[in-house]
Amino acid sequence: MATAATTADASSTQPEKRATPPVQMFYCSVCTYPPEFCEFGNSLSKCKEWLQSESPDLYDKYYSDEALKAKLGTISQEAQSKLEEETAKKEAKAEAKADAALKKKLASQVVIKRIERNKRKFVTSVRGLEAFGVDLKKAAKLFAQKFATGGSVTKNAAGIDEIVVQGDVSQEIYDMIAEANEGGRDGGKGKKGLDVLKGVLVDNVEMVEEKRKKEPEQ
């Protein structure tokens with residue numbers, strides 16, 4: 001029968017188990033893929049420039065003359081030329097798409113409207129935020145929490161999605177958008193709690209007022 005001392009001696013001889021440290025992944029900040037998969041994205045040239053700057057060792061591993069020769073050694077000259085041509089076309093197409101998206105963004109408007117419902121009662125509508133990548137439901141929730149009032153996404157008379165917030169808070173909403181985007185056209189880092197509004201061009205925000213129509217006299 002094993003004694004307690006014998007059991008203790010046996011356990012002391014067993015190798016100590018150590019937790020396996022987590023693997024640290026390295027991702028390209030241009031296409032967000034691991035560097036070895038950048039070639040499958042639409043911005044290989046920019047990815048290569050970034051990798052050469054951030055990690056010269058990895059750049060040499062994947063894109064040095066030796067690495068490319070080893071990779072393309074079994075591919076014919078015709079196939080190599082075709083691959084380079086297809087890559088250039090993909091990059092040009094991606095850049096054209098990005099330019100078009102930027103132009104659309106620069107031309108988009110955010111309209112904050114103060115609407116008079118009846119005497120001393122107002123609602124505030126906000127439309128156009130989605131053109132800047134803002135999630136309307138998250139923005140509506142943010143406004144509702146900020147002002148402790150109702151806030152929802154609805155379609156206006158023209159069938160366009162807009163956020164409607166109870167109360168006269170048009171100036172406050174404008175200030176929130178401006179604060180979230182301090183730092184320039186690209187939105188900077190945004191402010192804590194206001195990240196949902198990041199990316200909006202403050203110069204493209206317009207404030208308007210819609211007054212209640214007077215009822216005709218009897």
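Helices (H or I, at least four residues) and strands (E, at least two) are taken here as DSSP runs, numbered from the N terminus. The structure is a predicted model, in which local features need pLDDT of at least 70, side-chain atom pairs count only at pLDDT 80 or more, and totals for chains, interfaces and linings use all residues. Residues are numbered from 1 along each chain as its sequence is written, and side-chain values use heavy atoms, with hydrogens and water left out.

With these terms in hand, the overall layout comes first. The chain holds seven helices and five strands, and from the N terminus on its elements follow the order α-α-α-α-α-β-β-α-β-β-α-β. Of its 218 residues, 28% count as buried, where buried means under 20% relative accessible area, exposed over 50%, and partly exposed in between (1.4 Å probe, protein chains only). Contact means heavy atoms within 4.5 Å. Among the contacts in the chain with a separation of 6 or more, 50% come from residues 24 or more positions apart.

Leucine 58 belongs to helix α3 (residues 56-63) and, at 23% relative accessibility, counts as partly exposed. Leaving aside neighbours within four places in sequence, leucine 58 is in contact with Phe26, Pro35 and Leu51. Leucine 58 and glutamate 36 lie 22 residues apart in sequence and 9.0 Å apart in space, C-alpha to C-alpha.

Strands of a sheet pair through backbone hydrogen bonds, either parallel or antiparallel. Two strands are said to pair here if DSSP finds at least two bridges between them. Five strands form an open sheet in the order β3-β4-β2-β1-β5, with mixed pairing. The edges are taken by β3 (151-155) and β5 (205-210), each with a single partner strand, so one side of each is left without a neighbour in the sheet. Direction ignored, neighbouring strands of this sheet are turned by 25° against each other on average; for all such angles, axes are lines fitted to C-alpha atoms, for helices over the stretch in contact, and angles run from 0 to 180 degrees between N-to-C directions.

Strand β1 illustrates both senses of pairing. With strand β2 (residues 121-127), β1 pairs in the antiparallel sense over seven bridges, whereas β1 and β5 pair in the parallel sense over six bridges. Arginine 114 can be followed in both directions: its bridge partner in β2 is threonine 124, and in β5 arginine 114 stands opposite glutamate 209. Valine 111 has arginine 127 as its bridge partner in β2. The hairpin of β1 and β2 has two residues between the strands, and in this hairpin arginine 120 takes a positive phi near 65°. Serine 108 counts as buried because its relative accessibility is 12%. Not counting residues up to four places away in sequence, serine 108 touches Ala131, Phe132 and Asn204.

Helix α6 links the sheet to a further helix. This helix lies across β2, β3 and β4 (161-166), running at about 10° to β4. Two packed helices are described by the angle between their axes and the distance between the axes. Helix α6 (residues 136-147) and helix α7 (residues 170-180) pack at an angle of about 120°, with their axes 12 Å apart. That makes α6 oblique to α7, given that angles under 35 degrees count as roughly parallel, over 145 as roughly antiparallel, 65 to 115 as roughly perpendicular and the rest as oblique. Leu142, Phe143, Lys146 and Phe147 in α6 meet Glu172, Ile173 and Met176 in α7. By class, this contact of α6 with α7 has five nonpolar, no polar and two charged residues; Ala, Val, Leu, Ile, Met, Phe, Trp, Tyr, Cys and Pro count as nonpolar, Asp, Glu, Lys and Arg as charged, and the others, Gly among them, as polar.

Alanine 148 is placed in the loop between α6 and β3. Its phi is near 50°, a positive value in a residue other than glycine, and alanine 148 is exposed, with a relative accessible area of 71%.
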